[in-house]
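Dear colleague,

I am handing over the structure that follows, together with an account of what was found in it. Please read the notes below with the structure open beside them.

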Amino acid sequence: MSSATTGLITEAELDQLETFLFSSAVSEDALDLIGTHGLLCAINISPVKIPEQEWLDLLFDTEPQWESNAQKDHILGLLRKLHYTIGNDLYNDQETLLPCELTLDLDDEDEDEDLAELTIWAQSFMEGVFLREEDWFGDDEETVAGLLLPIMVASDLFEDKEVLEIRQDRALSEEMAEQIPELLVDLYLHYHAPEK
């Protein structure tokens, strides 16, 4: 990674990235900024390195209609900065700030939305897990499943009895949602911290 892309992403740059991801230049099935953040959290935590092109293909769904090579370089540079920023937080044992509220309640303003923003984030995180599912669960399935449980609950992708029961317990599912930032650090350390 070149020094040009290793700075931490700024609020203004996040706004630029969000605007692009909402534009007609990208597929309707592409991830928005919240989904992109979720995916890149999983990519950073992943026990094995995911090639950049692989996560970009998942993020964009199909190649964006770039206005120019300069625009492409700029947007890809912003994505690399976001990837680096999340990785930097995790590496330094800092809770990553999610770009959404830590709640599964739908906002009153989002009555048109079917999913809470945290659910979108969690679904995209799990997409990143599914890229290398065997590697995630291979060494210690019980521990990893326990750490991932709040994200699995938030994602609403799983029909397991335990997950469904938690989803139906609003207080418990909200409590779990609030644990997600610290669990990201725990997951990262599980795979990347040297054994004591």
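Which residues does Glu13 touch, not counting residues up to four places away in sequence? They are Leu8, Leu78 and Lys81, where contact means heavy atoms within 4.5 Å.

Before going further, please note that this is a predicted model, in which local features need pLDDT of at least 70 and side-chain atom pairs count only at pLDDT 80 or more, while totals for chains, interfaces and linings use all residues. Residues are numbered from 1 along each chain as its sequence is written, and side-chain values use heavy atoms, with hydrogens and water left out.

Glu13 itself lies in helix H1, residues 11–21. Helices here are DSSP runs of H or I with at least four residues, numbered from the N terminus. Glu13 counts as buried because its relative accessibility is 16%; buried means under 20% relative accessible area, exposed over 50%, and partly exposed in between, with a 1.4 Å probe and protein chains only.

Leu8 is also touched by Thr85, a residue of helix H4. The contacts of Thr85, again leaving out residues up to four places away in sequence, are Gly7, Leu8 and Ile9. Thr85 is buried, with a relative accessible area of 13%.

Helix H9

The buried residues of H9 include Ser173, Glu174, Ile180, Pro181, Leu184 and Tyr191. Against which helices do the buried residues of H9 pack? Their partners are H2 (33–45), H4 (69–91), H5 (117–130), H6 (133–138), H7 (141–155) and H8 (161–168).

The nonpolar core

A nonpolar core is a set of buried Ala, Val, Leu, Ile, Met, Phe, Trp, Tyr and Cys residues joined through side-chain atoms within 4.5 Å. The largest one has 61 residues, of which Phe60, Trp121, Phe125, Trp136, Ile151 and Leu184 touch the most other members. H9 gives the most to this core, with nine residues.

Phe125 is found in helix H5 and is buried, with a relative accessible area of 0%. Beyond four places in sequence, the contacts of Phe125 include Cys41, Trp136, Ile151, Leu184 and Leu187. Under the same exclusion of residues up to four places away, Trp121 touches Cys41, Cys100, Ile151, Ile180 and Leu184, among others.

Aromatic pairs

How many aromatic pairs does a search of the whole structure find? The search finds seven. Rings of Phe, Tyr and Trp (its six-membered ring) pair if their centres lie within 6.5 Å; planes under 30 degrees apart count as stacked, over 60 as edge-to-face and the rest as tilted.

One of the pairs, Phe20 with Trp66, is stacked, at 5.2 Å centre to centre and 5° between the planes. Since Phe20 lies in helix H1 and Trp66 in the loop between helix H3 (52–60) and H4, the pair ties together parts that are 46 residues apart in sequence. Phe20 is buried, with a relative accessible area of 5%.

The ring centres of Phe125 and Trp136 are 5.9 Å apart and their planes stand at 75°, so this pair is edge-to-face. The pair links distant parts of the chain, with Phe125 in helix H5 and Trp136 in helix H6, 11 residues apart. Trp136 is buried, at a relative accessible area of 0%. Trp121, Phe125, Trp136 and Tyr191 form one aromatic cluster.

Cysteines and Asn44

A search of the whole structure finds zero disulfides, a disulfide being a pair of cysteine sulfur atoms within 2.5 Å. The sulfur of Cys41 is 9.7 Å from the closest cysteine sulfur, in Cys100, which is too far for a bond. Cys41 counts as buried at 0% relative accessibility, and Cys100 is buried with a relative accessible area of 11%.

Asn44, found in helix H2, is buried with a relative accessible area of 14%. Asn44 touches His83, Ile86, Gly87, Leu90, Tyr188 and His192, not counting residues up to four places away in sequence. Asn44 and Tyr84 are 40 residues apart in sequence and 8.5 Å apart in space, C-alpha to C-alpha.

With kind regards

Technical notes. Helix = DSSP H or I, 4+ residues; strand = E, 2+ residues; numbered from the N terminus.
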